[in-house]
Amino acid sequence: MLIIDCPYCGARPELEFSYGGQAHIARPQHPADLCDEDWNGYLYVRDNPKGVHAERWRHIHGCARFFNALRDTRTDHFLATYKVGEPAPKVSRP
Amino acid sequence: MTSSFRTASGGRVDRDRPVNFTFDGKAYVGLHGDTLASALLANGVHLVGRSFKYHRPRGIVGSGADEPNALVGVRRDAARYTPNLLATQVELYDGLAAVSQNRYPSLEYDCMAVNDTLLGRFIPAGFYYKTFMWPKGAWDKLYEPRIRKAAGLGVAPTAPDPDVYTQRYAHADILVIGAGPAGIAAAQQAAASGARVILADDRPAMGGSLLAAADTTVDGEDARAWLRGSLAALAALSNVTMLPRTIAFGYYPHNWIGLAEKLTDHLPYPASGQPRERLWQVRARQVVIAAGSIERPLVFPDNDRPGIMLADAARTYLQEYGVMVGRKAVIVAAHDSAYRVAHELRAAGIEIAAIVDIRSPVPAAQSARDAGLRVLCDAKVEGTRGRLRVSAITITADGKRETLACDTVLMAGGFTPSVHLFSQSRGKLVWDEAIQAYLPGESGEAERSAGACRGRFALSEALADGAEAGRSAARDAGFSPMDLPIPSAQGARACGGGGHIGAVPTGADLSRAKAFVDWQNDVTARDIALAAREGFLSIEHVKRYTTTGMATDQGKLSNINALGIVSNVTGRSIPEIGLTTFRAPYTPVTFGTLAGKARGDLFDPMRVTAIHDWAAEHGAVFEDVGNWKRARYFPRHGEDMHAAVGRECLQVRNQVGIFDASTLGKIEVVGPDAAEFMNRFYVNAWLKLGVGRCRYGVLLREDGFVLDDGVVGRLAPDRFHVTTTTGGAARVLAMMEDYLQTEWSDLKVWLTSTTEQWSVIAVQGPKARAVLAPLVTGIDLSAEAFPHMSIADAQICGVPMRLMRVSFTGELGFEVNVPSGHGRMVWEAIWECGRSNGMLAYGTETMHVLRAEKGFIIIGQETDGTVTPDDAGLGWAIGKAKPDFVGKRSLARPAMIAPDRKQLVGLLTHDAATVLEEGAQITDPLDPRAAIGHVTSAYHSVALGRSIALALVRGGRARMGHTLHVPMPDGAITAEVVQPVFLDPEGARIHV
Amino acid sequence: MQRFSALSLFRHGLGRHQGWKPQWRQASPKPTYDAIIVGGGGHGLGAAYYLAKVHGIRNVAVLEKGWIGGGNTGRNTTIIRSNYLFDESARLYDHAVKMWEGLSKELNYNVMFSQRGVMMLAHNVHDIQSFKRHIHANRINGVDNEWLTPEAAKAYCPPLNIDPKVRYPVLGAALQRRGGTARHDAVAWGYARAADALGVDIIENCEVTGIRRDASGAVSGVETTRGLIASRRIGVSAAGHSSVIMDMAGVRLPLESYPLQALVSEPVKPVFPCVVMSNTIHAYMSQSDKGELVIGAGTDVYTSYTQRGGLHIATHTLEAICELFPQFRRMRMLRNWGGIVDVTPDRSPIIAKTPVPGLYINCGWGTGGFKATPGAAHLFAHTIARDEPHPINASFTMERFRDGFMIDEAAAAAVAH
Amino acid sequence: MSDPTVASPFLGLSQTIRPLPHFSRAILRVGLKDVARASERLDLALPIAACTATGGSAMGALWLGPDEWLLIGEAGLGNGLDWMAGITEKLGDVVCSLVDVSHRQVALEISGERAEIVLAYGCALDLSITAFPVGMCTRTMYHKAEIVLWRKAPDRFHLEVWRSFARYVEALVRQAESEA
């Protein structure tokens with residue numbers, strides 16, 4: 001059970017959250033203009049790094065807000081959480 | 001009555017409280033405070049089991065969680081049988097009935113011992129990989145059943161467990177795991193800082209090694225008295241929770257620790273309903289692991305006979321339980337702890353035939369000799385004798401071979417720090433050359449180890465180390481430690497590191513002898529050598545090939561010796577070989593404890609509507625849809641579903657029916673940009689939908705496949721009442737929020753779930769208006785004033801109503817939304833009013849038939865996550881002028897516009913009486929081997945007097961009028977492809 | 001290769017087993033290979049074996065960063081079945097089941113394939129519809145799968161609770177009798193031994209740290225912790241680490257890696273005769289030859305490479321197990337562990353060429369890779385050797401996502417209404 | 001006094017667990033920049049601090065999210081239409097969403113010295129008075145059901161749950177009470 005620091009509510013157990021996959025993938029403004037390859041990139045292709053991952057969480061059973069997090073997928077330790085719209089904070093990437 | 005191996009005094013057993021118990025049906029008497037193991041030993045019983053593979057007689061080896069042999073079944077009653085319990089952990093209670101395992105017919109005479117005597121040399125480690133391959137297919141028919149029968153340990157329980165299990169979440173500033181000297185010292189310091197402390201220990205009595213501390217003082221006080229005082233003081237603190245009988249079994253990410261507390265297994269008569277065990281899930285700011293150490297056995301030929309046990313376990317039995325493990329003992333020593341054991345046992349009256357020390361020189365030997373003990377140094381161990389109990393040990397010392405008669409052989413191999421939990425926490429283990437052990441290194445979580453589990457073996461060291469750990473944990477948890485003095489111990493003999501790892505020196509041929517490394521799994525030194533010979537060099541491969549360390553003790557005794565032997569055979573150092581992974585749980589945890597309260601009706605939330613009880617009272621048969629219970633049909637007088645549904649359908653078509661649609665998801669979409677939001681989200685166009693009007697909405701995933709559907713009503717320019725499917729409600733709302741919060745934060749619109757605000761009562765049928773009209777106020781229900789697909793707020797039975805004129809049946813229909821606290825009242829009022837109009841209640845099955853007659857799809861039945869709107873015949877719903885909506889771009893991908901996609905069609909069997917099977921495949925008569933689609937829905941339609949079906953068929957709309965085959969095991973059924981509307985295609989019945 | 005048989009076991013027994021030789025050599029990397037397989041699990045070792053056996057490409061290395069079979073091969077619950085819905089999947093998995101049936105003989109290594117039957121439980125009306133659709137589709141595809149009533153399901157698996165009054169009663173089951181289990185470690189070792197005998201180098205403790213490409217963009221070799229190794233053909237079979245390896249060649253995948261947990265009970269005498277799966281309430285169980293109840297748990301919700309997950313995942317699974325089999329409530333969990341499963345958007349695998357010439361990928365098996373081991377290995381070897389897919393894996397490309405040709409078994413089975 | 005026509009799904013009461021009467025409730029959603037204006041119009045300070053509640057006897061406002069409040073009115077307001085209309089009127093032209101959820105959820109009170117333990121049986125939050133002080137409120141989980149938990153006094157919690165989950169939660173808290 002991860003303990004996740006919601007930017008609004010503070011540290012809460014994982015069971016109050018839903019996971020939202022990789023962060024900072026903006027939906028294209030004009031999808032019709034994209035070729036199939038680029039649309040495929042938006043829909044399906046993901047970083048899946050072994051290391052620091054910028055990802056989305058939603059405090060669905062709390063304040064219900066989406067937010068972003070940096071988590072090290074080698075340890076599952078969070079390095080930062082931040083609100084939607086904010087840039088990913090700089091962290092020393094171990 | 002005193003058992004023959006009980007000392008006259010001493011120990012923490014209650015000599016005034018004898019306890020009757022049986023083992024394998026034979027009656028014995030123990031004392032209150034005994035474990036099953038100590039009580040058996042007090043009665044002179046060592047033989048308690050047969051080994052896994054060779055069925056060799058086995059005795060009690062240890063005194064705690066590390067016991068590999070003494071696995072027993074305990075039966076309270078027919079439904080309360082627990083296999084594979086450790087006799088060393090089973091607390092004695094009056095009437096306890098324990099049985100031995102894995103023997104036939106009895107412990108004394110076990111037929112399967114042939115595996116040892118005759119077959120042993122032909123069934124080495126991994127033998128089963130090399131044989132049983134002929135003839136093909138014989139493995140699971142012929143060989144495997146026999147192997148399975150021989151394997152396994154105890155017998156699984158055969159009846160449902162009537163016991164209950166409970167659970168609790170807890171938060172601690174500091175969790176201290178292990179209440180030995182280090183743990184207690186840590187808890188004292190942590191508690192003094194004001195932090196919330198939980199102190200957990202797996203044994204019924206806290207104190208760890210202090211419980212067996214003889215001739216030792218702490219702070220000038222007898223150690224055991226100091227222990228009692230310290231525990232009492234801790235228990236009196238309001239910020240300390242003491243959890244005896246509680247094992248910390250698993251260390252999960254972010255300092256989340258699983259504890260299992262035993263509540264009733266030690267009681268002769270647990271109160272009815274009293275939980276048997278409790279699962280604690282503790283989130284701790286800081287953790288102090290004070291898990292102690294485990295004594296190492298010694299690997300020598302025939303080291304597994306009953307009566308051969310760990311030396312410190314023998315001392316524990318004496319000091320804690322007043323039990324002498326034998327009359328005459330030989331101690332095989334690789335560590336100075338042997339001498340302490342010898343002195344204490346001899347003082348209790350056990351003859352020490354000799355201390356056989358494999359080391360040389362041994363400084364401790366001289367003082368032992370001075371005290372009159374016989375000590376042989378630089379010794380080799382050649383073997384032992386004795387069938388059901390050891391009777392002698394043969395050794396070689398000073399070049400002289402000697403057989404020493406004895407009834408007990410004690411192994412003092414040194415101590416291995418218990419680093420299991422530390423390793424589970426993903427801390428890094430570091431090999432310590434000086435004390436020959438893996439010790440905790442860099443932490444992976446907010447924890448620290450203290451005491452013997454990090455190599456601080458001596459009592460004074462452990463107390464000081466624990467105190468420091470308690471202080472630093474308090475500091476790191478944000479508290480200010482008090483300057484509590486550190487307890488100091490005197491008199492305890494130092495028991496440092498060192499000892500022996502791997503096989504003990506012997507003159508015997510280890511390729512012939514059985515020198516056990518893993519007692520329970522019957523893995524010998526020669527098995528491990530064989531694995532290395534066959535190229536299994538990684539310790540993980542050795543473990544898996546030989547199964548060493550994979551028994552129920554998870555290698556607590558065996559792992560380190562296995563490492564030593566691999567090191568020896570391969571010439572590589574232990575750190576080079578590495579270490580196998582320590583996996584949770586530390587000791588086995590009951591399934592029921594982990595499952596907790598989630599059982600029976602509480603296994604998963606059972607969501608019920610406000611009308612549920614009415615339906616139940618009226619004989620409804622329910623079905624599960626997600627978490628909801630929905631009334632499926634209302635049988636009368638022993639009707640089957642077919643008959644009930646036929647009757648319900650007919651009544652709706654001819655008169656009127658009432659249906660509980662409350663489970664439909666409902667979302668209120670409110671804000672100035674509500675219409676724009678709907679426009680972006682659904683395939684439909686919404687901007688021009690008038691207030692008071694409804695529209696059928698279709699929603700795609702971004703990959704273009706249909707996700708959900710539902711009727712949407714516009715209540716105001718800035719307010720929509722959106723409905724979803726029952727199962728899709730949460731999914732749709734979550735997806736809406738995702739887009740709104742992360743993509744379209746420019747939109748001023750908010751979403752509120754109103755699923756449970758409203759009870760939804762569907763009134764459907766030609767007489768629906770007549771039924772409702774007398775009950776409603778503030779609205780004109782006429783076709784002109786309130787046409788099909790209208791929505792309005794009004795009142796019914798004096799309570800607010802949101803009325804929708806919609807139909808999923810093809811009949812004149814209304815959906816009455818009322819606040820759910822009034823749901824049943826309004827339902828009953830409509831019911832009363834409807835009965836004179838021939839109304840009956842119908843369930844989901846009838847609803848399915850009625851909508852299929854009209855060709856309305858059901859998400860999840862006609863769609864399956866691979867269906868586009870066009871496939872489902874919903875292309876008309878798409879707002880063609882919209883530049884974008886969720887999923888639109890994906891609809892342009894090559895596969896989505898391929899000409900041979902599966903399309904929704906109707907099927908009419910040539911034999912009108914034949915109802916197709918849902919899920920049946922469809923083939924083209926020209927190519928019967930390739931399926932071109934499947935039946936999604938199929939029913940008998942009473943209204944049409946024949947069967948109907950909906951199907952997804954490749955290129956289906958181009959096959960109208962064609963005959964297709966539906967192949968079944970007993971032959972193909974022929975059917976004609978038709979439009980997927982069977983009744984009233986013009987919709988005349990709806991618009992009345 | 002020393003022949004394994006009852007007779008050889010007896011002969012070596014007379015010699016106290018001193019005569020056995022290593023089952024595979026501890027190979028050191030050569031400068032160049034005709035093909036390199038990255039990943040020493042069952043799929044990778046198998047691919048190397050079939051490259052040598054079927055395609056005559058024997059100058060092959062399998063590079064494993066740890067010890068062979070230490071990833072998902074050694075961490076899964078060993079369920080084998082092929083009753084998949086879509087034609088493409090059914091062909092793929094049934095290809096594997098047919099190979100399982102002869103694998104012990106093929107490898108001269110007892111992989112203990114036990115066709116005990118795999119029974120999948122239906123708990124609601126939607127499950128029944130879905131399972132019947134599977135059964136009909138399977139029949140046309142020649143894959144065995146049959147419908148059982150609750151009573152027949154209980155007869156097949158006596159511990160099953162079919163009380164209609166429980167929270168999610170068993171309404172029936174789909175049974176594939178040819179399904180079953182196998183001994184996971186033996187699969188890795190058996191392939192390793194057989195491949196080694198054909199000349200394949202199995203190189204453990206050799207982590208790939210880079211993929212070299214030449215001026216044309218084609219692969220030319222790999223950088224490893226044991227030095228540079230040249231090869232014009234590289235097959236990546238790295239399961240949860242596929243994204244990490246492919247990233248080295250600049251190939252991004254539609255893939256995410258999640259923790260998947262499993263657990264076993266203490267061993268008991270035979271009590272559970274088959275494999276039972278319940279997708280609806282998330283429980284998967286069989287009993288191993290050793291007697292342990294082997295239980296598959298779910299994935300955690302987040303991506304991770306830690307090979308562990310949360311306690312709540314295991315407790316959730318045991319809730320379901322205790323409801324389905326209430327007599328096991330007093331049994332005890334002995335070991336709980338995690339693996340890393342790589343999941344594609346349609347939960348079907350990729351066995352294909354990549355945009356990089358000479359680079360091939362076998363990944364995306366999610367929670368179900370073990371069952372496909374011999375089939376996937378065979379097809380992957382074919383794809384590498386011929387530089388084109390076998391007809392059976394022709395649909396399992398990376399490009400199917402771009403074009404929308406999904407093979408979405410999970411979507412087809414799991415949508416509730 | 002509760003509205004007798006509003007059905008309660010709960011089955012009983014005990015020393016620690018008491019079903020609460022029917023309340024009028026609404027979910028108010030307002031963007032951050034309009035909160036002050038909404039508070040002023042409502043004559044009720046919508047709490048800005050996360051997970052806090054304000055309000056007297058007439059109406060309580062519980063912070064559920066940065067733009068989401070649960071308004072709880074007095075018990076016994078009948079169908080609550082007037083209550084809703086009153087709030088709507090007060091809010092006037094404030095850009096917001098106000099949705100009636102009076103019947104969506106029902107409430108239990110858990111009180112007494114065992115209250116914390118009864119809740120800790122299924123709620124993973126730290127419920128100690130320092131971590132979860134009086135006046136704190138939040139959505140969270142009780143076993144597998146979402147709830148809103150609001151501490152109204154050191155030994156008194158107000159628990160809101162969606163109506164269809166009411167019996168599930170009630171059965172669990174009663175078991176917790178019997179085993180605590």
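Helices (H or I, at least four residues) and strands (E, at least two) are here DSSP runs, numbered from the N terminus. The model is a predicted one, in which local features need pLDDT of at least 70 and side-chain atom pairs count only at pLDDT 80 or more. Residues are numbered from 1 along each chain as its sequence is written.

Let's start at helix 11 of chain B. Just after this helix, B:G535 takes a positive phi of about 95°.

Helix 11 (residues 525-533) and helix 12 (residues 539-546) of chain B pack at an angle of about 120°, their axes 10 Å apart; the axes are lines fitted to C-alpha atoms over the stretch in contact, and angles run from 0 to 180 degrees between N-to-C directions. The two helices are therefore oblique to each other, a class left over once angles under 35 degrees (roughly parallel), over 145 (roughly antiparallel) and 65 to 115 (roughly perpendicular) are set aside. On the helix 11 side, B:D527, B:I528 and B:A531 meet B:V542, B:Y545 and B:T546 of helix 12.

Finally, turn to chain C. C:C274 is buried, with a relative accessible area of 0%. Its sulfur lies 4.0 Å from the closest cysteine sulfur, in C:C157, too far for a bond, as a disulfide is a pair of cysteine sulfur atoms within 2.5 Å. Over all chains, the count by this rule is zero disulfides.

How values were computed
Chains lettered and ligands numbered in written order. Heavy atoms only, no water. Contact = heavy atoms within 4.5 Å. Buried < 20%, exposed > 50% of the residue type's maximum accessible area, 1.4 Å probe, protein only.
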